[in-house]
Amino acid sequence: MSDALFLLPHLRSGTTVCEASLVSAGQARSVKIALPHAVAAGDEVPVIDLLVLRLADGGLRVYLNRCPHFGLPLNVRADYEFLNDEGDEVVLRCQHHYMDFSPATGEGLSFECRGDALSDVPVTERDGQIVTL
């Protein structure tokens, strides 16, 4: 399987990520997208894993679902709750090593990951769909 960072440039503008109604305010989910145009003849079609989240204020963010430290998805289990309420703030948490990231910016919040950030995927909502810019 290819490293998702190498696949990110193959995510074309106008690609549908998911229906906008699948992510309500304060929710996040993993969405996998096949990239058939990023494959050589006869090779397996690569899949990119995106983390789609809607902030409490309705703002939309999409990040590559890849921990900048381990190179693995933030979640181990498909039913993992990405957003964790820490009392005074909600954070995105890597299930592998419990490092926290800002949902609004993707920036590392935990001491060990300050200066690191999740890879942002620019998107917009169009006709009830979340699509890449």
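Helix H1 (4-7), strand S2 (27-34) and strand S3 (47-54) each contribute at least two residues to the lining of the largest pocket. Helices (H or I, at least four residues) and strands (E, at least two) are DSSP runs, numbered from the N terminus. S2 provides the largest share of this lining, five residues.

The model is predicted: local features need pLDDT of at least 70, side-chain atom pairs count only at pLDDT 80 or more, and totals for chains, interfaces and linings use all residues. Residues are numbered from 1 along each chain as its sequence is written, and side-chain values use heavy atoms, with hydrogens and water left out.

The volume of the largest pocket is about 640 Å³. It is lined by 33 residues, of which Ser30, Lys32, Asp49, Asn65 and Pro73 are the closest to its centre. A pocket is an open set of points on a 1 Å grid over the protein atoms alone, where a 1.4 Å probe fits, with protein on both sides within 12 Å along at least five of seven lines; lining residues have an atom within 4 Å of a point. The volume is the space filled by probe spheres set on the points.

Most residues other than glycine have a negative phi. Two exceptions are tabulated here.

| Residue | Phi | Relative accessible area |
|---|---|---|
| Tyr98 | near 60° | 55% |
| Asp127 | near 55° | 74% |

Tyr98 sits in the loop between strand S6 (90-93) and strand S7 (100-101), and Asp127 in the loop between strand S8 (123-126) and strand S9 (129-132). Tyr98 is exposed, as is Asp127 (exposed means over 50% relative accessible area, 1.4 Å probe, protein chains only).

Key. Buried < 20%, exposed > 50% of the residue type's maximum accessible area, 1.4 Å probe, protein only.
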